[in-house]
There are 2 protein chains.
Amino acid sequence: MEKLESRSLAEQAADNIEQLIIENRWTPGEKLPNEMDMVENLGVGRGTVREAIKILESRNVVEIRRGKGTFVCDNIGKVGDPLGFRFASDKKKLAEDLSDFRAMLEPQIAEIAAQKATDKDIEELQRLCSEVEHMIINGENYSERDVEFHTKIASVTGNSVVEQIIPLIAQGVSIYVDLTNHELAGTAVITHQKVVDAIRNHDSDAAYEAMKAHMKENRENLELVKKK
Amino acid sequence: MEKLESRSLAEQAADNIEQLIIENRWTPGEKLPNEMDMVENLGVGRGTVREAIKILESRNVVEIRRGKGTFVCDNIGKVGDPLGFRFASDKKKLAEDLSDFRAMLEPQIAEIAAQKATDKDIEELQRLCSEVEHMIINGENYSERDVEFHTKIASVTGNSVVEQIIPLIAQGVSIYVDLTNHELAGTAVITHQKVVDAIRNHDSDAAYEAMKAHMKENRENLELVKKK
């Protein structure tokens, strides 16, 4: 009973510190007040402040740097696997659902990216595209770079939600790449380049169609794997 | 230094317990082995097991029921605000981005729902639609029920990712409803009903168009609010 109450005090303190961060608009990298200031500010004991900081660390809100203090996290409040994909009992169904979900979104994302891409964006996209190609040819694991490629297109849209969701569901890419054992990756080289070319030409329709084809290809490869 | 190591031991233990849950396919509601069994199983001290359980509690993987033990969470591994929307400094930009994001997805979701909805689904949708209507007419806060309505359509698709993402971004609905102060909600009554009618008729195209119109209307209302 006592334990539970002390925990909930710490959770309250954690929520209060979050409010401080929001109201004071403390940004990533900013240092939080030290422990004693927090104790005074929040009107709770030192142990509660410490526990609250630990809770905020597990929520990815702050990070503790040894001997330096407590700082606001870079990806404040963002969690690695927020939808609990690691607990999905049927990984193939999950891969299919992720693949279908991406097919709904990414063609439209490519369409917008073709309208908004700057020369610098296009250069970066071509670099990522070529790196993925290089890795596929060499039989290396390219899934992380592939996620970067798709995330870069998402970020060109300027929509913060799209930019956050794409890497999230692109976890599905790695699940997919594991499933297919890189055997069917070759085709991605061609469709990736078609997407980049369309974006370079600021051709929205072509970008939409190229990404749609890429998504269709990914989905079909998934079916091939299932039939094995 | 000592503290850090003990923390990382606890994190390791937490990861190991997650692996046990995944490998043994323990499902929500299932009871975990007691503390002493964990101590033996994981080869770590009692204090570390306790800290690991606390970490898993903060990750929404387990819940501790007083006097009863530790159980696998209902929404295992799913976090309330996984994208850290509460830290967005520009709430209006966030509302717009969420609105644009939904406009990309939800018409396609309604299209699929029209193909797959059972009589029971349609009955449930009509019930939610009527409840939202009732609440709007009475000037009540209908945002939670509205999220339920959109989430129900998403769940009809049978795509687990869609089903998880929609309530997540539908947080945007509440942000939107706060922004508009319910003043512009009246139009939602009509477009919601059009979506339900199209799904009832299993008319995919009409469902797509009705949801598209609903999203457009939401987005335009957001613009009106901005101009005040």
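Predicted model: local features only at pLDDT ≥ 70, side-chain atom pairs only at ≥ 80, totals over all residues.
Residue numbers start at 1 in each chain as its sequence is written, while chains are lettered from A and ligands numbered from 1 in the order in which they are written. Local features need pLDDT of at least 70 and side-chain atom pairs count only at pLDDT 80 or more, but totals for chains, interfaces and linings use all residues.

View 1. Chain A has 10 helices and 2 strands, where helices (H or I, at least four residues) and strands (E, at least two) are DSSP runs numbered from the N terminus. Along the sequence the pattern reads α-α-α-β-β-α-α-α-α-α-α-α. Of its 228 residues, 41% count as buried, meaning 20 or more other C-beta atoms, placed from the backbone, within 10 Å of a residue's own. Take contacts in chain A between residues at least 6 apart in sequence: 67% join residues at least 24 apart. (A contact puts two C-beta atoms, placed from the backbone, within 7 Å.)

**View 2. A:Leu83 in its loop.** A:Leu83 sits in the loop between β2 (69-72) and α4 (91-116) of chain A. It counts as buried because 22 other C-beta atoms lie within 10 Å. A:Ile169 is 86 residues away in sequence, yet the C-alpha to C-alpha distance to A:Leu83 is 9.5 Å.

**View 3. Helix α5 against helix α6 in chain A.** The axes of α5 (residues 119-137) and α6 (residues 143-156) of chain A come within 9 Å and cross at roughly 160 degrees; axes are lines fitted to C-alpha atoms over the stretch in contact, with angles from 0 to 180 degrees between N-to-C directions. That makes the two helices, α5(A) and α6(A), roughly antiparallel, the label for angles over 145 degrees. Residues meeting here include A:Leu125, A:Leu128 and A:Val132 from α5(A), and A:Phe149 and A:Ile153 from α6(A). The contact of α5(A) with α6(A) divides into 8 nonpolar, no polar and 7 charged residues (Ala, Val, Leu, Ile, Met, Phe, Trp, Tyr, Cys and Pro are nonpolar, Asp, Glu, Lys and Arg charged, and the others, Gly among them, polar).

**View 4. Where chain B touches chain A.** Each chain, B and A, puts 32 residues into the contact. On the chain B side, α4(B) gives the most, with 8 residues. That side divides into 16 nonpolar, 8 polar and 8 charged residues.

View 5. Strands β1 (residues 62-65) and β2 (residues 69-72) of chain B run antiparallel, joined by 4 bridges; pairing takes at least two DSSP bridges. B:Val62 has B:Val72 as its bridge partner. The hairpin leaves 3 residues between β1(B) and β2(B), and B:Gly67 in the turn has a positive phi of about 75 degrees.

How values were computed:
Buried ≥ 20, exposed ≤ 12 C-beta atoms within 10 Å, placed from the backbone. Parallel < 35°, antiparallel > 145°, perpendicular 65-115°, else oblique.
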